[in-house]
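User: Please take a close look at one part of this model, the packing of its helices and the nonpolar core around them. I would like one connected account.

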Amino acid sequence: MFNENAEVILEANHITRKFPAAGGKTLLANNDISLKLYKGKTLGLVGESGCGKSTFMRFLVMLDKPTEGEILFQGKDLTKLKGEELRQFRRHIQMVFQDPANSFNPKLRIRDIVCEPLMNFGLITKEEKDAKCRELLEMVELPGDFADRYPHNMSGGQRQRVAIARALALHPEILILDEATSALDVSVQKTVIDLVTKLQREKGITIGFICHDIALVASCAHQVAVMYLGNLVEVLPGDELHTRAVHPYTKALMGSIFDINMDFSKPIESIDSEAPSPLDVPAGCPFANRCDSCMEICKTERPVMTDYAPDHQVACHLFKNSSL
């Protein structure tokens, strides 16, 4: 259950990211995004490929900086950090990538990979490395003797557990999962998600979870934010995603879920046409050309996020005059 009265641990305000493109054009990856992460809760970020999910989450670990906006953490704007202050900040927010193999040095043993953050900050000595690695591996339910292996000697699920162990080695307050389960088999996905939620309960970690699988996000996220073409279109509690989603795009995403309990007598509906190019975002609602409920105002005026219900915001002209 999600409650907006929970403690806010990180707040992103009016984040915009523009990239220069050929022909003097500008690619708008994030357009005025404002989101909050709550202590001990999971924020799921969903949307089509190229909608700006990963771009936004990379700002939270300062792998990139927004063109405009601020990201507040512990009273400081992360976008202004530099040098040693920025390096020390990285202890508080860590990231697990889609394919951990790409972030591992294949020549290093798991012991060195897992303990690298601790060594970089001088938190352990070389003599303590083996014992600490075994402790961290056991935390993610891997045998301690995996410390002597190399990444290529492990399965995808095992490597992802190693990545989680490394990310949690510094006891961060926030963990960002960037498509951390999409390359795994369905059965392995569940074990990894179960592990992460278990560690979250034990350690009070705040999680930002990027995922294409909206059903998976709904099952584990306390709050879900839906993005489309660089814009935030709806934010609501994860356990209400199936029943209370109102934005036409969110409802279309929910309609794309296949499960054994669905009504197979109903026709499968698809979204007509293609998404506009991020190099040529329309003046009005970015979803206007694909929306069955499009009105004239949708073609000229971009809707802004407004309160639709408690803990529920939506950017849609259909609900512009709705009240709590």
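Analyst: Helices here are DSSP runs of at least four residues, numbered from the N terminus, and the model they are read from is predicted. In that numbering, His247 sits in the loop between helix H8 (241-244) and helix H9 (248-255). His247 is buried, with a relative accessible area of 1%, and, leaving aside neighbours within four places in sequence, His247 is in contact with Val233, Glu234, Phe287, Val314, Ala315 and Cys316.

Turning to the helix pair, the axes of H5 (residues 156-168) and H6 (residues 186-203) come within 10 Å and cross at roughly 15°; because angles under 35 degrees count as roughly parallel, H5 and H6 are roughly parallel to each other. Their crossing is right-handed, and the contact is made by Gly157, Gln160, Arg161, Ile164 and Leu168 on the H5 side, with Val188, Thr191, Val192, Leu195, Val196 and Leu199 on the H6 side.

As for the nonpolar cores, the largest has 63 residues, of which Leu137, Val162 and Phe209 touch the most other members, and its largest share, six residues, comes from H5. Phe209, not counting residues up to four places away in sequence, touches Thr42, Leu43, Gly44, Leu45, Met57, Leu177, Thr181, Ile193, Leu216, Val217 and Cys220. Apart from this core lies another, of 31 residues, including Ile93, Ile174, Leu232 and Val235.

Methods. Residues numbered from 1 in each chain as written. Predicted model: local features only at pLDDT ≥ 70, side-chain atom pairs only at ≥ 80, totals over all residues. Heavy atoms only, no water. Axes fitted to C-alpha atoms, helices over the stretch in contact; angles between N-to-C directions. Helix = DSSP H or I, 4+ residues; strand = E, 2+ residues; numbered from the N terminus. Parallel < 35°, antiparallel > 145°, perpendicular 65-115°, else oblique. Left-handed = near helix turned anticlockwise from the far one by under 90°. Contact = heavy atoms within 4.5 Å. Core = buried A, V, L, I, M, F, W, Y, C linked by side-chain atoms within 4.5 Å. Buried < 20%, exposed > 50% of the residue type's maximum accessible area, 1.4 Å probe, protein only.
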